[in-house]
Amino acid sequence: MIIGAGGVAVALTMSLAALGPTGACFSDTAQGAVSGTIGSIKIAGAGPDGTGTDSLNRAFSNLLPGTTQTVSSRYVNTGLNAQDVWVVFNNKDALHALNDLGTYGEFHVAANGTALFDSANLSDDRDDTAHLSCGTLAPTGCWPVPKMIKLASNLAPTAVGSVSFSFGYAAKMSGQSELGGGVWNSYPVKTVQAPNPAIVGNGLPYQIVATQVGQTPGL
């Protein structure tokens with residue numbers, strides 16, 4: 001039997017298809033691994049400005065009307081990453097006591113020499129919510145100290161910062177206790193809801209809080 005050229009091609013193709021893959025191919029492999037380190041956000045008092053466990057306790061001394069005193073504390077980034085730094089006034093009764101002075105007190109906060117908060121009308125309008133008198137809170141009117149203030153942005157590891165608090169009673173304040181003296185910023189204060197509260201503390205507790213850059217304290 002004679003098979004033409006076309007028949008030979010068809011037969012050869014069918015023969016190769018029947019053989020299937022031969023298993024012959026080139027290959028190569030390169031090995032790698034993913035590793036890394038974990039960062040940290042940490043803050044510490046940098047002393048020697050203050051006392052206490054974190055060297056952040058400060059005190060005004062013998063305040064008098066018409067004069068302003070300033071106390072300062074330092075902090076240091078002890079973490080591995082840059083961070084934002086905040087001051088947080090973490091006792092709401094103490095903060096309200098300060099914000100109950102109205103025009104009888106002034107309070108200022110500065111960080112690294114830059115003024116961040118100034119008010120000579122410390123009123124949060126909380127004493128009698130049925131008879132609000134402040135209207136919209138604003139620097140030109142009632143301007144209470146907020147719960148938190150950012151002190152620094154993107155503070156580098158090992159970098160040191162500072163925060164200062166200034167306070168003064170207004171010159172128009174003339175009343176004092178019969179014995180004179182006493183402690184600053186006793187709390188809680190008298191309100192319509194609590195006309196005769198038991199005094200449980202004094203001063204203004206605060207925290208220095210570090211966060212990842214761009215985040216706010218979750219408090």
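In which helix does H96 lie? H96 belongs to helix 2, which covers residues 92-98, where helices (H or I, at least four residues) and strands (E, at least two) are DSSP runs numbered from the N terminus. The structure is a predicted model, in which local features need pLDDT of at least 70 and side-chain atom pairs count only at pLDDT 80 or more, while totals for chains, interfaces and linings use all residues. Residues are numbered from 1 along each chain as its sequence is written, and side-chain values use heavy atoms, with hydrogens and water left out.

**The chain as a whole**

- The secondary structure of the chain comes to two helices and ten strands, and from the N terminus on these elements follow the order α-β-β-β-α-β-β-β-β-β-β-β.
- Of the 219 residues of the chain, 32% count as buried, a word that stands for under 20% relative accessible area, with exposed meaning over 50% and partly exposed lying in between (1.4 Å probe, protein chains only).
- Among contacts (heavy atoms within 4.5 Å) between residues at least 6 apart in sequence, 73% join residues at least 24 apart.

- H96 counts as buried because its relative accessibility is 5%.
- When residues up to four places away in sequence are not counted, H96 touches D124, R126, D127, V189 and T191.

- N185 is found in the loop between strand 7 (160-169) and strand 8 (186-187), and it is classed as buried because its relative accessible area is 9%.
- Two backbone atoms lie close enough to the side chain of N185 to be listed as polar contacts, which are pairs of N or O atoms within 3.5 Å; within protein, one must be able to donate a hydrogen and the other to accept it, and residues adjacent in sequence count only if both atoms are side-chain atoms.
- A polar atom of the N185 side chain is 3.1 Å from the backbone nitrogen of L98, and a polar atom of that side chain is 2.9 Å from the backbone oxygen of G203.
- With neighbours within four places in sequence left aside, N185 is in contact with A94, A97, L98, G201, N202, G203 and L204.

**The salt bridge**

- A search of the whole structure finds one salt bridge, the term for a side-chain nitrogen of Lys or Arg within 4 Å of a carboxyl oxygen of Asp or Glu.
- D84 forms a salt bridge with K150, and the closest N and O atoms are 3.6 Å apart.
- This pair links distant parts of the chain, since D84 is in strand 3 (residues 83-88) and K150 is in strand 6 (residues 148-155), 66 residues apart.
- D84 is buried because its relative accessible area is 2%, whereas K150 is partly exposed because its relative accessible area is 33%.

**Pockets**

- On a 1 Å grid over the protein atoms alone, a pocket is an open set of points where a 1.4 Å probe fits, with protein on both sides within 12 Å along at least five of seven lines, and lining residues have an atom within 4 Å of a point.
- The largest pocket holds about 1100 Å³ of space, and of the 34 residues that line it, L63, Y169, V183, W184 and N185 lie nearest its centre.
- The second largest pocket holds about 160 Å³ of space, and of its eleven lining residues, D100, S123, D125, D127 and S133 lie nearest the centre.

**Backbone geometry**

- Most residues other than glycine have a negative phi, and most peptide bonds are trans.
- The peptide bond from G47 to P48 is cis, with omega near 0°, and P48 lies in the loop between strand 1 (43-45) and strand 2 (68-77).
- Y187 and P188 are also joined by a cis peptide bond, with omega of about 0°, and P188 is placed in the loop between strand 8 and strand 9 (201-202).
- N112, in the loop between strand 4 (105-111) and strand 5 (114-119), has a phi near 55°, which is a positive value in a residue other than glycine.
- N185 likewise has a positive phi, near 60°.

Terms used
Grid points are joined across faces, edges and corners, and a volume is the space filled by probe spheres set on the points.
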